[in-house]
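Here are my notes for you, written as numbered points. Keep the picture open while you read, and find each residue as it comes up.

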Amino acid sequence: MFCDILIDPTHPLTNYKLLDDIAAELAGSLKIQELQNLLAEAWKPYMKNLDTMFTDATCYESEMRYPTDQKLLWECVEKGYELMCEASQRLGIHRPRTKYLDVEKANLTYRKQRKHTKGQTRKITRRLLDLLGKILRETRKIEREHEGVKLFTDRERQTIEIITKVYRQQRNHFRSGDARESIPDRIVSVSKPYVRPIVRGKEVKSVEFGSKRNNILVDGISFIEKLSFNAFNEGTRLPHCIKMHKRLFGVELKKIGGDASYAGNANRELCTSNGILTSFVQKGRRAKEKREKEFVRQELARVRATAMEGSFGTQKEHYSLRRVKARKKETEILYIFFGIHTANAVLLAERLMEQQLVEAA
């Protein structure tokens, strides 16, 4: 049986990549906002407190090794050398001479060391850059000498372009001598060139590698407001969150819960002009607030901290979003979408079951 369909034993499934093909087809036609409009319309009758919204951002990390410059350069060297040798073999010529074996031994010795001095790190980085530059030059030379022959497939050609971009980024970064220099559109993985480092400033993990998502939470149900593999400031997304809430549920917002990153002056003025109560701490000298208003603010802050972080933890721990195991950008977005809304569906199903048990009793 496959997906509730009985398979004829005399005609078994032979495509072992069937699930991957299905995921790729779904990922190619995924339209997040349109699907979320349909889900909100179907779930709205079973939801309460539609006039209250919470918002926060989190990062869903990709399944990949921690990308130091030396690991990334050696990965590029390995793939580039393999492609250069493959092209030489297809043409029936001797592969160009390089110092691949010497650098391989030096890199292995460097990796075995528990601690590295600054001089050792710069030395191995220089050798890796020199070797990678040599491999790319020899590969281009082979191509120029055999213009009429298609040496590489489209996928291999794409890999060479990615390796070339990594080489240029790392070479310029090495020459600058500034370890804290910011590199625009920095590639941290050859197999996942779309992943970018996202600085989160956490105590345990200051940098994360994956997709950043800003979401809204209404009655415990999460919806994706923005999903990107590039870092963005979630504090500027509050007006978009308000518009999205209006589009999904068709009701006016009365309460918003968000952390300090959303408490900018523009957002405060927007909420005040629309008569929306927020969880933002009052700026300046503390004026005497009404006890009811202060209680609402504290309650919104408390619920935001528990509900939002709880939803993120549930999705990551129980719906395979702690480390997203996808190999393509579109498939990774698909896994995140299904993980979030599967958690929503399970939560609603539990509520309906509890309601039926109460009615039956």
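**Notes on the model**

1. Start with Asn-49, which is exposed, with a relative accessible area of 53%; exposed means over 50%, buried means under 20%, and partly exposed is in between, using a 1.4 Å probe and protein chains only. You'll find Asn-49 in the loop between helix H2 (32–43) and strand S1 (52–62). Helices here are DSSP runs of H or I with at least four residues, strands are runs of E with at least two, and both are numbered from the N terminus. Asn-49 isn't a glycine, yet its phi is positive, about 50°.

2. Before going on, a word on what you're looking at. This is a predicted model, where local features need pLDDT of at least 70 and side-chain atom pairs count only at pLDDT 80 or more, while totals for chains, interfaces and linings use all residues. Residues are numbered from 1 along each chain as its sequence is written, and side-chain values use heavy atoms, with hydrogens and water left out.

3. Which other loop residue has a positive phi without being a glycine? Look at Asp-219, with a phi near 55°. Asp-219 sits in the loop between strand S3 (207–218) and strand S4 (221–228). For background, most residues other than glycine have a negative phi.

4. Now try the pair H3 (residues 69–91) and H4 (residues 100–112): their axes come within 12 Å and cross at roughly 150°. Axes are lines fitted to C-alpha atoms, for helices over the stretch in contact, and angles run from 0 to 180 degrees between N-to-C directions. H3 and H4 are therefore roughly antiparallel to each other, a label for angles over 145 degrees.

5. Who touches whom in that pair? Gln-70, Trp-74, Val-77, Glu-78 and Tyr-81 in H3 meet Tyr-100, Val-103, Glu-104, Asn-107, Tyr-110 and Arg-111 in H4, where contact means heavy atoms within 4.5 Å. Sorted by type, the residues of the contact of H3 with H4 are 6 nonpolar, 2 polar and 3 charged. Nonpolar covers Ala, Val, Leu, Ile, Met, Phe, Trp, Tyr, Cys and Pro, charged covers Asp, Glu, Lys and Arg, and the others, Gly among them, are polar.

6. Val-77 turns up again in the largest nonpolar core: of its 31 residues, Val-77, Leu-128 and Leu-132 touch the most other members. Such a core is a set of buried Ala, Val, Leu, Ile, Met, Phe, Trp, Tyr and Cys residues joined through side-chain atoms within 4.5 Å. H3, H4, helix H5 (118–145) and helix H6 (154–176) are the elements that give two or more residues to this core, and the largest share, 10 residues, comes from H3. Another core lies apart from it, with 26 residues, among them Ala-27, Tyr-60, Met-64 and Ile-336.

7. Next, H7 (residues 238–249) and H8 (residues 265–273), whose axes come within 10 Å and cross at roughly 35°. Leu-238, Pro-239 and Ile-242 of H7 make the contact with Asn-267, Leu-270 and Cys-271 of H8. The residues of this contact divide into 5 nonpolar, 1 polar and no charged.

8. Also in H8 is Ala-266, which counts as exposed at 58% relative accessibility. Its C-alpha atom is separated by 8.8 Å from that of Thr-236, 30 residues apart along the chain.

Methods
Parallel < 35°, antiparallel > 145°, perpendicular 65-115°, else oblique.
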